Amino acid sequence: MKAEHLEFLVEEPSAEAFLVELLPRLLDGRATFTIHAHQGKSDLIGKLAGRLRGYAKWLPEIVRIVVLVDLDDDNCDALKQKMEQYAKTAGLRTRTSAGEAPWRVVNRIAIEELEAWFFGEWTAVRNAYPGVSKSIPRQAAYRMPDAIPGGTWEALERVLRNAGYFSGGLRKMEAASAIGKHFDPALAQSPSFVVFREAVLETVG
């Protein structure tokens, strides 16, 4: 059964600000959505088991849950396994474990941070902040958005400051919203975003 509504659990308000702009274009009216932002990754992971148990008590067949966290410095397999176990304990089948059966929860990890997705759709960044160089994606340090060394939000802050933006430090919610307004999901080159995009599109057929 196709989803008619999606519940997104994200770790911070900047992810919410980005998705608020992106999802109407990505879903194209095929489903409604609600975004629940937390106060950081530890807050989301700490509350996830309880939230999923709560969902399991009422979740209609037409609703899916999408959990999105940053990898940061965690081990990807261990983090994913923990999230999968929380869903299993709550009695909710995940996309990873479902096989051919219907699933209710999909866990997705931004590698290593949400800002990597922005480096993978640089046209959106340039549309939001026209002063940045269009050559950034061709530079060795930024060519692979999910493997940018030293932290992607710090790298984005550095690039934007060098172009004359955010001299007082990156305002993550503001940037996420501005870039999200222009972000084209079909052009995005971040592998972890592509996996996220495909999972969301799968829910709505």
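Helices (H or I, at least four residues) and strands (E, at least two) are DSSP runs, numbered from the N terminus. The views below show a predicted model, in which local features need pLDDT of at least 70 and side-chain atom pairs count only at pLDDT 80 or more, whereas totals for chains, interfaces and linings use all residues. Residues are numbered from 1 along each chain as its sequence is written, and side-chain values use heavy atoms, with hydrogens and water left out.

**View A. Helix α1 packs with helix α8.** The axes of α1 (residues 13-27) and α8 (residues 172-180) lie 7 Å apart and form an angle of about 10°, where axes are lines fitted to C-alpha atoms, for helices over the stretch in contact, and angles run from 0 to 180 degrees between N-to-C directions. That angle makes α1 roughly parallel to α8 (under 35 degrees; over 145 is roughly antiparallel, 65 to 115 roughly perpendicular and the rest oblique). On the α1 side, Pro13, Ser14, Ala17, Phe18, Glu21, Leu22 and Arg25 meet Lys172, Met173, Ala176, Ser177 and Gly180 of α8, contact being heavy atoms within 4.5 Å. Sorted by class, the contact of α1 with α8 holds 6 nonpolar, 3 polar and 3 charged residues (nonpolar: Ala, Val, Leu, Ile, Met, Phe, Trp, Tyr, Cys and Pro; charged: Asp, Glu, Lys and Arg; polar: the others, Gly among them).

**View B. Helix α1 also packs with helix α9.** Here the angle between α1 and α9 (residues 191-204) is about 50°, with the two axes 11 Å apart. That angle makes α1 oblique to α9, and the crossing of the two helices is right-handed (the near helix is turned clockwise from the far one by less than a right angle; anticlockwise is left-handed). Leu19, Leu22, Leu26 and Leu27 of α1 meet Phe193, Phe196, Arg197, Val200, Leu201 and Val204 of α9. Of the residues in the contact of α1 with α9, 9 are nonpolar, none is polar and 1 is charged.

**View C. Helix α2 packs with helix α3.** The axes of α2 (residues 41-56) and α3 (residues 76-90) are 8 Å apart and meet at an angle of about 25°. That angle makes α2 roughly parallel to α3, and α2 passes α3 in a right-handed crossing. Lys41, Ile45, Leu48, Ala49, Leu52, Arg53 and Ala56 of α2 make the contact with Leu79, Lys82, Met83, Tyr86, Ala87 and Ala90 of α3. The class count for the contact of α2 with α3 is 10 nonpolar, no polar and 3 charged residues.

**View D. The largest cavity is lined in part by β3.** A cavity is a set of points on a 1 Å grid over the protein atoms alone where a 1.4 Å probe fits but cannot get out, and lining residues have an atom within 4 Å of a point. Grid points are joined across faces, edges and corners, and a volume is the space filled by probe spheres set on the points. There are 2 cavities of 30 Å³ or more, and the largest cavity holds about 50 Å³. Its lining consists of Val10, Glu11, Glu12, Ser14, Ala15, Leu68, Val69, Asp70 and Leu114. The elements that give two or more residues to this lining are α1 and β3 (63-70), and β3 supplies the largest share, 3 residues. The lining of the largest cavity divides into 5 nonpolar, 1 polar and 3 charged residues.

**View E. The second largest cavity draws on α5 and α8.** The second largest cavity has a volume of about 30 Å³ and is lined by Ser14, Leu114, Glu115, Phe118, Leu156, Leu170, Lys172, Ala175 and Ala176. At least two residues of this lining come from each of α5 (114-119) and α8, and by class the lining has 6 nonpolar, 1 polar and 2 charged residues.

Note on methods:
1 Å grid on protein atoms, 1.4 Å probe; cavity = no way out; pocket = protein on both sides within 12 Å on 5 of 7 lines; lining within 4 Å.
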